[in-house]
Amino acid sequence: MPDSHDRSLPSPENTHFKSVDVDVVVVGAGFAGLFMLHRLRGLGLTARAFETGDGVGGTWYWNRYPGARCDVESMQYSYQFSDDLQQDWSWSEKFAAQPEILTYAEHVADRFDLRRDIQLESRVAAAHWDDATGIWSASVEHDGRTSTVTSKFLILCVGCLSAANRPSFAGFERFQGSHYHTGYWPKDPVDFTGLKVGIIGTGSSGIQTIPHVAEQAGHLTVFQRTPNYVVPDWNGPLDPAYEAEIKADYQDLRSNAKTRPSGIWVPFNTDSALDASDEERQRRFEEFWGYGGLGFMGSFGDLLTNADSNRLAADFVRGKIAEIVSDPDVARKLTPDNVLGCKRLCVHATYYQTFNRDDVSLVDLRTEGAIEHFTETGLVVGGVEYPLDAVIFATGFDAMTGSFEKIAISGVEGQTLKQKWEAGPSTYLGFQSAGFPNMFMVTGPGSPSVLSNVLLSIEQNIEWITGCLGTLLQKGQSRIEPEIDAEEAWVEEVNRAAGGSLRSTCSSWYNGANIPGKPLVFIPYIGGIPDYTKACDAAVENGYAGFKMR
Ligand code: NA7
């Protein structure tokens, strides 16, 4: 289906890419891979996307744990490149759940006839750049065999949260019960009825899973290392009047969203929490608590830049926990003492209420002892064995770099991406890394990615890459990579921006602290969508300044 952004460029026959299998290898068929394929077709390039899963959808294919749901409103967590698509699609809920988002991804694949260029159940295990020929060779594992696919360009649409982190616990191999990871949840529903279930991890995934499993399990034991702040989403059916209002001028919402650092349009204020009277501050926090979702952080303008303001907001949420959780000891264990929103703010309407159930118990790994080891029948913490029939790892991801580094990528002179990023990832604008010509990343390290409405970021990144490839082809050139100086300056800018936010002050997956041995570097660009877009556009306006094209 055509859309207004299709570009008309030389057809592949007119390009000089005849010596390769396809012009472009795309890795991944999630939201980024799907849209990238669509745009590459618009450029007249041949492309093939390789996807490990047996279906499209990426993150929303793998994260099918009970309760999985997006924390960005559906009307905004959706593609905007096709007005027909955004007008035709109707979301059933304010915040869509995983099955509906997956159905949407499948619809997009069908609607734009993308499946014919997607090879499923095919993992790109390695990719090697040959500097003499200017060709990428990807090793693709499919059906027990490995084949090589050559291309001029390699575009990594691998997602930010796609390399699951499953910490190794002593004795795990002895455990006779069943085990799951939220990021690789089985396709067939899991029945926990009557079982003794344990869950390790209380980040967004654990917090969404816990209330659902508690409904089913005989007993649920939650093993919590760090309590998180959870704000309600007040999710419900999408209001048809609201939907109609947005659709009457969808562009207005999309444009407004792009003016916000997060790329999400929700009510916000710019004043300081310190300037408000106690009554006004309380009223404002209540108002934003009532609004629901991540927008709580918009109650005042300085919650992520002023520690004192942040503390006032954190105290408000702590007060809510004390009100909701009946057992003061459990409430105390559930109460975070770190900066609000430093780790990603979690969203759920009934998470805290779940701990009022008799069949749910909380083990605080900070005060009751670390996880010691598994036995055949349970988990030992602080010398106490908790009997378990099943354990759920909600232990997160090797975020933002893991999905790139798990592919053995080697560039100029055989340098691997993993070697280059040993002390932390280094990219120019998140798009490219010097020494890896013709390789592009979508929502790569150094881009706003996970700190934004990631679908908006995906589209912005892909439009930029499309424009860049189009320019390269029009100039009759075939190779692009960043200038090392430009890349280093961007890494500095990413670090400078991180230094201005309270988000860089705690251990989180934003700065690699969740993975033992990972360099402690704030990975995404926290300068916000407007500044990032400005930097991307400036590079283009200045003739792709900072990139070497030839
Ligand atoms: P997160 O947010 O990284 O959460 C992982 C949780 O697992 C977190 O509570 C961790 O505690 C805990 N964890 C990790 N390793 C261990 C060990 N070894 N022992 C005990 N507990 C552990 O991942 P999610 O999947 O929940 O969410 C990731 C993003 O996906 C989310 O923000 C959304 O954007 C979607 P810790 O906090 O490190 O003490």
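Asp 329 counts as partly exposed at 35% relative accessibility (buried is under 20% relative accessible area, exposed over 50%, partly exposed in between, with a 1.4 Å probe and protein chains only). Asp 329 also forms a salt bridge with Arg 332, their closest N and O atoms being 2.3 Å apart (a side-chain nitrogen of Lys or Arg within 4 Å of a carboxyl oxygen of Asp or Glu). This is a predicted model, in which local features need pLDDT of at least 70 and side-chain atom pairs count only at pLDDT 80 or more, while totals for chains, interfaces and linings use all residues. Residues are numbered from 1 along each chain as its sequence is written, and side-chain values use heavy atoms, leaving out hydrogens and water.

**Salt bridges**
- The count comes to 30 salt bridges.
- Asp 329 and Arg 332 sit 3 residues apart in helix α10 (residues 328–334), about one helical turn (helices are DSSP runs of H or I, at least four residues, and strands are runs of E, at least two, numbered from the N terminus).
- Asp 308 is partly exposed at 40%, and Arg 311 is partly exposed at 45%.
- A network of salt bridges links Asp 271, Glu 280, Arg 283, Arg 284 and Glu 287.

**Helix α8**
- Arg 281, Arg 284, Phe 285, Phe 288 and Trp 289 are buried in α8.
- They cover an arc of only 135 degrees around the axis, so they lie on the same side of α8 (the arc is that of the directions from the helix axis to the C-beta atoms).
- Just after α8, Gly 292 has a positive phi of about 90 degrees.
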